[in-house]
Amino acid sequence: GQNPMVRVKTSNQSDRGGWRLMAARGMGVGLVLCSSVALFNLVRFQLTSPLRGASELAVVHEPFPIRGLRSISMKVSHDDCMDPIRLGRSGDGGWWACGKLSTPCTVYSFGIFDSFSFDQAVADKGCKVHGFDPSKPGLKSKPAYERIHGATYHEFGIGGVDRLYGPGEVPFSWPGIGYLTETNSDPWQLYALPSIMKKNNHDHLSILKVDVEGSEWAAMEGILSSSWDQLLVEFHFHPAQFKLIKEGNGVSIESSEESPMLELVEKLVTIATLWKLDWNGNQCLELSWIRKT
């Protein structure tokens, strides 16, 4: 559908606050939203969603709730990758990876939208790359994507379970697709990563790239249980619950309550080493991990 109309009102509330999306659910597919979060601070949005006719989403800016924060820290270990390479363009859409790729080289890229310079770069290195995106913008890019030598486009996405979601049924997470619209307008087929790898007859991935605007959390259990050398992922932390604080060469993540997301991050730290961290706005982190041997 079309982008919603956005009416902006200024707010005098503290910049310590976060965004609470009331009645907004979503699962993203690779839009460039996080860099905009800082610009949207101190304003209140009212959205008229084309998916709900004239209904209005209540998006309210409120103080960050202090209820006994739980926090974890992630430290960057640059020495674990001595040959970093930029795959794709220098801006959004490109990713940092460790230069030594396993052979045969198989790459999964979740979240295509209209930017696939990363996919082109890994294909140029002789890798077989598989792109996944069930969204309208992604499907529109499919013909151009399939002109990449060694690339295959899949019209389904990654999720926590294997399921066909009807329009409006995808369980969205912040920030979601469509610049804060709340749901999918068309049916989407989603699979957990182990099911996708089995479907494609793959038992190991050289690189797994996940840039899916909040849906990474539902997919993380499957990601953690699968075999890969490198994980390139953007984590999105809802401002109403999480505060991200720069801490030396790492980051501290504070939550207002016990969070399954933090438990997933803790599990990831046990199996992989973080060697590259880039901030994308105040609430999103682009992270490059290498599997521990």
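Student: How many cavities of 30 Å³ or more are there?
Tutor: Keep in mind that this is a predicted model. Rolling a probe the size of a water molecule over the atoms shows where empty space is left. With a cut-off of 30 Å³, the count of cavities is two.

Student: Which element gives the largest share of the lining of the second largest cavity?
Tutor: That cavity has a volume of about 30 Å³, and its lining is made up of Arg86, Trp95, Trp96, Lys276, Asp278, Glu286, Leu287 and Ser288. Two or more of these residues come from each of strand 7 (95–98), strand 18 (272–279) and strand 19 (284–291). The largest share is three residues, and the element that gives them is strand 19.

Student: How many charged residues does that lining have?
Tutor: Let's sort the lining of the second largest cavity by class. Three residues are nonpolar and one is polar. That leaves the charged class, and its count is four.

Student: Which residue is the bridge partner of Leu244?
Tutor: Start with the strands. Strand 16 (residues 242–247) pairs with strand 17 (residues 250–255) over six bridges, in the antiparallel sense. Leu244 finds its partner in strand 17, and that partner is Ile253.

Student: What is the phi of Gly248 in the turn?
Tutor: Strand 16 and strand 17 make a hairpin, with two residues between them. Gly248 sits in that turn, and its phi is positive, at about 60°.

Student: How many residues apart in sequence are Glu258 and Arg70?
Tutor: Side chains of opposite charge can pair when their charged atoms come close. Glu258 and Arg70 do form a salt bridge, with their closest N and O atoms 3.3 Å apart. Glu258 is in the loop between strand 17 and helix 6 (260–271) while Arg70 is in strand 5 (residues 70–75), so the bridge ties together parts whose separation in sequence is 188 residues.

Student: Is Arg70 buried or exposed?
Tutor: The cut-off for buried is under 20% relative accessible area. Arg70 has a relative accessibility of 17%, so Arg70 is buried.

Student: Where is Glu247, the salt bridge partner of Lys75?
Tutor: Lys75 and Glu247 form a salt bridge, and their closest N and O atoms are 3.2 Å apart. Lys75 is partly exposed at 48% relative accessibility, and Glu247 is partly exposed at 28%. The two are 172 residues apart, with Lys75 in strand 5 and Glu247 in strand 16.

Student: Which helix holds Glu221, the partner of Lys267?
Tutor: The side chains of Lys267 and Glu221 meet in a salt bridge, 3.2 Å from N to O. These residues are 46 apart in the chain; Lys267 is in helix 6, and Glu221 is in helix 5 (residues 216–224).

Student: How many disulfides does the structure hold, and which cysteine is joined to Cys81?
Tutor: There are two disulfides. In one of them the sulfur atoms are 2.2 Å apart, and the cysteine joined to Cys81 is Cys98.

Student: What is the relative accessibility of Cys98?
Tutor: The link of Cys81 and Cys98 is right-handed, with 120° about the S-S bond. Cys81 counts as buried at 5% relative accessibility. Cys98 is buried too, and its value is 6%.

Student: What is the torsion about the S-S bond of Cys105 and Cys127?
Tutor: These two cysteines are joined with an S to S distance of 2.0 Å, and both Cys105 and Cys127 are buried. Their disulfide is right-handed because the torsion is about 80°.

Student: Which residue with a positive phi follows helix 2?
Tutor: Helix 2 spans residues 117–124, and its buried residues are Phe118, Asp119, Ala121, Val122 and Ala123. After helix 2 comes a residue with a positive phi, near 95°, and that residue is Gly126.

Methods:
Residues numbered from 1 in each chain as written. Predicted model: local features only at pLDDT ≥ 70, side-chain atom pairs only at ≥ 80, totals over all residues. Heavy atoms only, no water. 1 Å grid on protein atoms, 1.4 Å probe; cavity = no way out; pocket = protein on both sides within 12 Å on 5 of 7 lines; lining within 4 Å. Points joined across faces, edges and corners; volume = space filled by probe spheres on them. Helix = DSSP H or I, 4+ residues; strand = E, 2+ residues; numbered from the N terminus. Nonpolar A, V, L, I, M, F, W, Y, C, P; charged D, E, K, R; others polar. Pairing = 2+ DSSP bridges. Salt bridge = Lys/Arg side-chain N within 4 Å of Asp/Glu carboxyl O. Buried < 20%, exposed > 50% of the residue type's maximum accessible area, 1.4 Å probe, protein only. Disulfide = S-S within 2.5 Å.
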